[in-house]
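This briefing goes through one structure by topic. Please look over the sequence and the coordinates before reading on.

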Amino acid sequence: MSEINSIEEARVKIDSIDAELLRLLNDRMEVVKSIGDLKRNSNGAIYRPDREQAIIQRLSELTTGRLNKKAIEAIFLEIFAVSRNIELSEKVAYLGPEGSFTHQAAESRFGAISEYIPLKTIKSVFEAVDTKRVRFGVIPVENNQEGIVNDTIKLLNSLDINIVAELPMPIHFTFGSINDDLKAITKIYSKDIAFQQCSKFIEEYFNHDVELIPVDSTSKAAQLASEKSGTAAICSPIAAKLYKLPVLFDNIEDSADNFTRFLIISDDFKNNKSGNDKTSILVKLSSEPGSLVNFLQKFYDANINLNKIESYPAKKGKGFSYQFLLEFDGHFDDASVSQLLADNDSIKWLGSYPKLC
Ligand SMILES: O=C(O)C(=O)C[C@]1(C(=O)O)C=C[C@@H](O)C=C1
């Protein structure tokens with residue numbers, strides 16, 4: 001690229017490149033529209049995380065300039081979200097309220113312009129998907145500090161719903177207030193758990209008396225703090241944005257590795273192989289000596305790498321049997337995986353999807 005000597009000169013260049021980018025993006029969207037028409041005729045799914053991952057992977061291998069995989073992913077996830085809306089606007093339900101971390105996770109995948117429906121419980125998200133009121137649902141499945149979300153597993157077990165994709169997301173809290181002088185703040189709103197997870201920040205930054213007021217959600221906290229001087233909220237970045245609450249500090253949590261894994265769910269959904277996939281299953285095993293060992297032996301024999309195993313007591317008649325959530329490398333369409341899952345009534349396949357964590 002030729003040398004640039006002034007900001008004005010750089011901006012002329014940027015304007016011309018942007019015009020070219022816009023022309024190319026419009027060309028892309030024409031092709032996307034045709035794919036949408038073809039999918040409508042064949043009743044195909046609009047959202048294909050396997051294809052999106054393959055595109056990002058291909059471009060990351062192709063890149064020679066300043067854009068690394070993370071940057072390519074950030075740009076292209078928004079392009080895909082716009083593409084999907086051009087193909088067909090699909091409704092997405094998530095565990096609300098608006099401004100929750102699940103909302104943030106949903107937006108990170110479905111983009112800013114999708115139609116979102118916040119619902120009060122994980123069960124209502126599953127039901128909205130099950131009754132086809134929405135095409136996709138977004139719910140949390142585990143947090144590295146709090147463990148697995150039992151409701152999610154219970155509902156995956158009882159309904160015919162599949163996992164379409166996983167969304168690992170670091171959980172960062174922000175501190176927002178309409179006062180920029182911390183001494184003026186006498187009340188902080190948030191959820192109990194957020195106070196616990198940000199206790200060092202509160203201790204270090206507030207040596208005067210401050211009242212910690214627990215509310216139902218961090219979005220509610222952001223709303224209250226946006227309305228009243230002398231108050232503040234500990235909330236998600238998206239909640240602060242939603243209620244136009246000025247952010248004074250980002251990432252105020254004690255532990256840098258607070259991390260939640262969300263799932264995107266849909267009914268009757270099967271991804272194609274992306275080349276780096278994970279499969280989740282639920283399996284019921286009788287409580288006899290060796291039943292778990294015998295089952296796990298099959299994974300060893302088939303050379304399949306296990307990522308997770310969690311147990312749940314499952315009530316059955318008078319006694320108890322045991323149910324396990326297993327996650328392992330591979331896709332349903334891999335011969336080794338399909339053989340392992342074949343003809344086994346005690347296994348429920350939950351989904352095969354691109355592995356992101
Ligand atoms: O390839 C497809 O199936 C498309 O619909 C196109 C496209 C894209 O924009 O590239 C859009 C949505 C899908 O999730 C995957 C890819």
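What percentage of the 357 residues in the chain do buried residues make up? The figure is 31%. The model is a predicted one. Its chain holds 12 helices and 15 strands, and its C-alpha atoms fill a box of roughly 65 × 60 × 35 Å along the principal axes.

**Ligand surroundings**

- The residues around the ligand are Val32, Ile35, Tyr47, Arg48, Arg51, Glu52, Ile55, Phe80, Ser83, Arg84 and Glu87.
- With 4 residues, α3 supplies the largest share of the shell.
- By residue class, the shell holds 5 nonpolar, 1 polar and 5 charged residues.

**Helix packing**

- The axes of α1 and α3 approach to within 8 Å, and the crossing angle is roughly 50°.
- That angle lies between the limits of 35 and 65 degrees, which makes α1 oblique to α3.
- The crossing of α1 past α3 is right-handed.
- For α2 and α3, the axes come within 10 Å and the angle is roughly 140°.
- The loop between α2 and α3 contains Arg66.
- Is Arg66 buried or exposed? Arg66 counts as exposed, because it has 6 C-beta neighbours inside 10 Å, and the cut-off for exposure is 12 or fewer.
- Arg66 and Leu95 are 29 residues apart along the chain, and their C-alpha atoms are separated by 37 Å.

**The open sheet of 5 strands**

- The strand order in this sheet is β8-β7-β9-β6-β10, and the pairing is mixed.
- The edge strands are β8 (211–214) and β10 (247–249); each has a single partner strand, so one side of each has no neighbour in the sheet.
- On average, neighbouring strands of the sheet are turned by 30° against each other, direction ignored.
- Strands of a sheet pair through backbone hydrogen bonds, in either a parallel or an antiparallel sense.
- β7 (residues 187–190) runs parallel to β8, joined by 4 bridges, and Tyr189 has Ile213 in β8 as its bridge partner.
- β7 also pairs with β9 in the parallel sense, over 3 bridges, with Ile188 opposite Ala232 in β9.
- On the other pairing of β9, 3 bridges join it to the antiparallel strand β6 (residues 174–176); here Gly176 is the bridge partner of Ala233.
- How many of the residues of β9 (residues 231–235) are buried? The count is 5 of 5, so the strand is mostly covered.
- Thr231, Ala233 and Cys235 point one way from β9, while Ala232 and Ile234 point the other way, and all are buried.

**Strand β3 and its partners**

- β3 (residues 136–143) has 7 of its 8 residues buried, so the rest of the structure largely encloses this strand.
- β1 (residues 91–95) pairs with β3 in the parallel sense through 3 bridges, and Val92 stands opposite Phe136 in β3.
- β11 (residues 259–267) is antiparallel to β3, and 6 bridges join the two strands; Val138 stands opposite Ile264 in β11.
- β4 (residues 147–148) pairs with β3 over 2 bridges in the antiparallel sense, with Glu142 opposite Ile148 in β4.
- β3 and β4 form a hairpin, with 3 residues between them.

- Ala165 belongs to strand β5 (residues 161–170).
- Why does Ala165 count as buried? Ala165 has 24 other C-beta atoms within 10 Å, and the criterion is 20 or more.
- Between the C-alpha atoms of Ala165 and Tyr300, which are 135 residues apart along the chain, the separation is 26 Å.

Conventions. Residues are numbered from 1 along each chain as its sequence is written. This is a predicted model: local features need pLDDT of at least 70, side-chain atom pairs count only at pLDDT 80 or more; totals for chains, interfaces and linings use all residues. A residue is near a molecule or strand if its C-beta atom, placed from the backbone, lies within 6 Å of it. Ala, Val, Leu, Ile, Met, Phe, Trp, Tyr, Cys and Pro count as nonpolar, Asp, Glu, Lys and Arg as charged, and the others, Gly among them, as polar. Two strands pair if DSSP finds at least two bridges between them. Axes are lines fitted to C-alpha atoms, for helices over the stretch in contact, and angles run from 0 to 180 degrees between N-to-C directions. Angles under 35 degrees count as roughly parallel, over 145 as roughly antiparallel, 65 to 115 as roughly perpendicular and the rest as oblique. A crossing is left-handed if the near helix is turned anticlockwise from the far one by less than a right angle, and right-handed if clockwise.
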